[in-house]
Amino acid sequence: MKTTYREAMRAAIRDALQRDERVFLMGEDVGAYGGCFAVSLGLFEEFGPERIRDTPLSESGFVGAGIGAALGGMRPIVEIMTVNFSLLALDQLVNNAATLLHMSGGQFNVPLVVRMTTGAGRQLGAQHSHSLEGWYAHIPGLRILTPATLEDARGMLWTALEDPDPVLIFEHGTLYNVAGDLADDAGPVDISTAAVRRPGQDISLITYGGTLPVVLDAAAQLAGDGINAEVLDLRVLRPLDDAAILGSVAKTHRAVVVDEGWRSGSISAELSARITENAFFDLDAPVGRVCSAEVPLPYAKHLELAALPTAERIVAAAREAVGARG
Amino acid sequence: MTGTSARGSGSGDSDHTRHLLHQMLRVRRLEEQCVELYSAAKIRGFLHVYIGEEAVAAGVMSTLGPDDAVVATYREHGHALLRGVPAGAILAEMYGYVEGCCRGRGGSMHLFDAATRFYGGNAIVAGGLPLAVGLALADKMSGRSRVTACFFGEGAVAEGEFHESLNLAALWQLPVLFCCENNLYAMGTALARSESQTDIALKAAGYEIASWSADGMDVLAVEETARRAVDAVRAGGGPHFLELRTYRFRAHSMFDPERYREKAEVSRWMERDPIDKLRKALEAAGQLSDKDWKSIQQDVEAEVKAAVEFAEAGTLEPVEDLTRFVYSERSPQ
């Protein structure tokens, strides 16, 4: 069936609400407004204000309430408008959701799912455009998902709700309008493995989330030059699928990591370190990275574009890695 | 909606009143033992004791049922004990032993106990309030008639999470009992130096929450006010707020040189010691004989002694288990 990323996500939420009466959606403008990115459009009318629960602008309060509700036996889906706003709830996410199981010696797990948009590309400026999922991937106790495809938009949520521990789902804002075909019986998918989106043998392009389409575009351009790139979609930033990452590098002997986050202290740095630590002797070239320029994301279109990983920059980095063949 | 409750009359059932005296003394002696054990380096980390404030936890806890939930702060040994967590498991936790109520992973500031629905042990000031709101939301959505009692100090009132939580609880009419233990100092900062409005009950009333103050040095007054509030919450009356005016006799933690308050002030408050006060009232009413008091003391001594022995006999969790409980042990998909 023809669908969009937004509709696939909505179908996932609707499915979860139908399958489990403990599930409810809570967040700013998820109900009467229809969701700030229209993901939950129509669900308020279908499921009512108890289960599609509009909240005041109090990220820490309602994320914490989600944690408490999860402790109390519910299966909340908490929506935060953007990753930038999630910083107002960092205390609850990091000090409570991620720690309660351990601090309590295994007594209190937190089966909470938090969804939020992330990423740039829509000229929203420096307070609505950042990619901070890599920060969250630093935190033990959290699982970090970055659905980049229609299948994952449709399938990750249910599996996340079955996880006994907190799961954060990052939806890149430029993906919502991506349209395509989705199997009529599309359903839950795993939330622990990376996926090869384009097999190749010359270089591994490792990415996730909103930059997956950009990397696939770059891979198509590289193919025109006779460079056959493998595109690995991480899907899960914590825990990382080391086997898939190292397996791809063992095959291609070259890697470029593409991450919309900033380079310094980033998930791309973590990936580069793991490859270097574990596959050093497989490498025929240094691990490359294409990240966002280290600036707060600017508003002006040309400046924003200049700050982001583009197919052109990815192609250049891949060519450099391949050209380094000794 | 603010008002001061009637003072405890001491005219209730005398067995029950002696029980409250016993409960307060249990907390007092356990805390004194903790201080000793800290000085002996058996307990490490930060240690915050509840000496002077016992009437608050004793009065509120006695109004809760087994299905209710409790969310507390890092000064929570007394709350855990009175909620039903065994003293031995509390002390063993502070020793860092696997026999502790959190297997030694929490320590003094992070006591948790699933069996008694005791949700910490929260050491981020005001961080427990949203959890209490969520626990109550789950109860309301599930149609359960439970109360979540949430303890916090007056320092929490300055945090955004306090205001967000009160607003949510009132907006959604959730069964939360907010219990503000106003001991006048947020660590070393006096209330008047941190709040433009020092009438805390008034702040809660601003959220349309029924809000009462009570003398936190009088366990009967606390209990009476808490019982009214718990009954109202359980009957579907929405959240209620108690400001319990109390005082911490000891330093904030074992590292506090107490430069911020006068010794004379501490002495004045110690004259209102909730345990002495109730004991004398019971004695004056002929409801507590020397024999009764000795029996309570002996009982408490025996409990604390047994708890120390339990903790002393504790064992260390194998280091190989370090990374357990970061994620649940049900296999992830």
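In which sense do β9(A) and strand β11 of chain A pair, and over how many bridges? I looked this up with a predicted model in hand, and found that β9(A) and β11 (residues 229-233) pair in the antiparallel sense over 3 bridges. One residue pair I noted is Ala195(A), whose bridge partner in β11(A) is Asp233(A).

**Entry: the sheet in chain A**

I then stepped back to the sheet as a whole. This open sheet has 5 strands in the order β9-β11-β10-β13-β14 (chain A), and the pairing is mixed. I found β9 (195-198) and β14 (288-292) of chain A at the edges; each has a single partner strand, so one side of each lacks a neighbour in the sheet. Direction ignored, neighbouring strands are turned against each other by 25 degrees on average.

Next I checked which helices pack on this sheet. Helix α11 (residues 267-279) of chain A touches β10 (203-207), β13 (255-262) and β14, and its direction makes about 155 degrees with that of β13(A). Helix α13 (residues 311-323) of chain A packs on the sheet as well, touching β10, β11, β13 and β14, with about 165 degrees between its direction and that of β14(A).

**Entry: a sheet in chain B**

Here I read off an open sheet of 6 strands, ordered β2-β1-β3-β4-β8-β7 (chain B), with parallel pairing. Its edges are β2 (118-121) and β7 (210-215) of chain B, each with a single partner strand, so one side of each has no neighbour in the sheet. From one strand to the next, the twist averages 15 degrees. I also looked at β4 (residues 176-182) and β8 (residues 240-245) of chain B, which run parallel and are joined by 6 bridges; Asn182(B) has Arg245(B) as its bridge partner in β8(B).

**Entry: two helices in chain B**

How do α1 and α11 of chain B pack? I got an angle of about 40 degrees, with the axes of α1 (residues 14-39) and α11 (residues 290-312) 9 Å apart. That angle makes α1(B) oblique to α11(B), and the crossing is right-handed. Among the contact residues are Leu21(B) and Leu25(B) of α1(B) and Ile296(B) and Val300(B) of α11(B). By class, the contact residues come to 7 nonpolar, 2 polar and 6 charged.

**Entry: where the chains meet**

Last, I counted the contact between the chains: 36 residues come from chain B and 39 residues from chain A. On the chain B side, α5 (128-142) and α6 (160-171) are the elements giving two or more residues, and α5(B) gives the most, with 11 residues. That side divides into 19 nonpolar, 10 polar and 7 charged residues.

How values were computed:
Residues are numbered from 1 along each chain as its sequence is written. Chains are lettered from A and ligands numbered from 1 in the order in which they are written. This is a predicted model: local features need pLDDT of at least 70, side-chain atom pairs count only at pLDDT 80 or more; totals for chains, interfaces and linings use all residues. Two strands pair if DSSP finds at least two bridges between them. Helices (H or I, at least four residues) and strands (E, at least two) are DSSP runs, numbered from the N terminus. Axes are lines fitted to C-alpha atoms, for helices over the stretch in contact, and angles run from 0 to 180 degrees between N-to-C directions. Two residues are in contact if their C-beta atoms, placed from the backbone, lie within 7 Å. Ala, Val, Leu, Ile, Met, Phe, Trp, Tyr, Cys and Pro count as nonpolar, Asp, Glu, Lys and Arg as charged, and the others, Gly among them, as polar. Angles under 35 degrees count as roughly parallel, over 145 as roughly antiparallel, 65 to 115 as roughly perpendicular and the rest as oblique. A crossing is left-handed if the near helix is turned anticlockwise from the far one by less than a right angle, and right-handed if clockwise.
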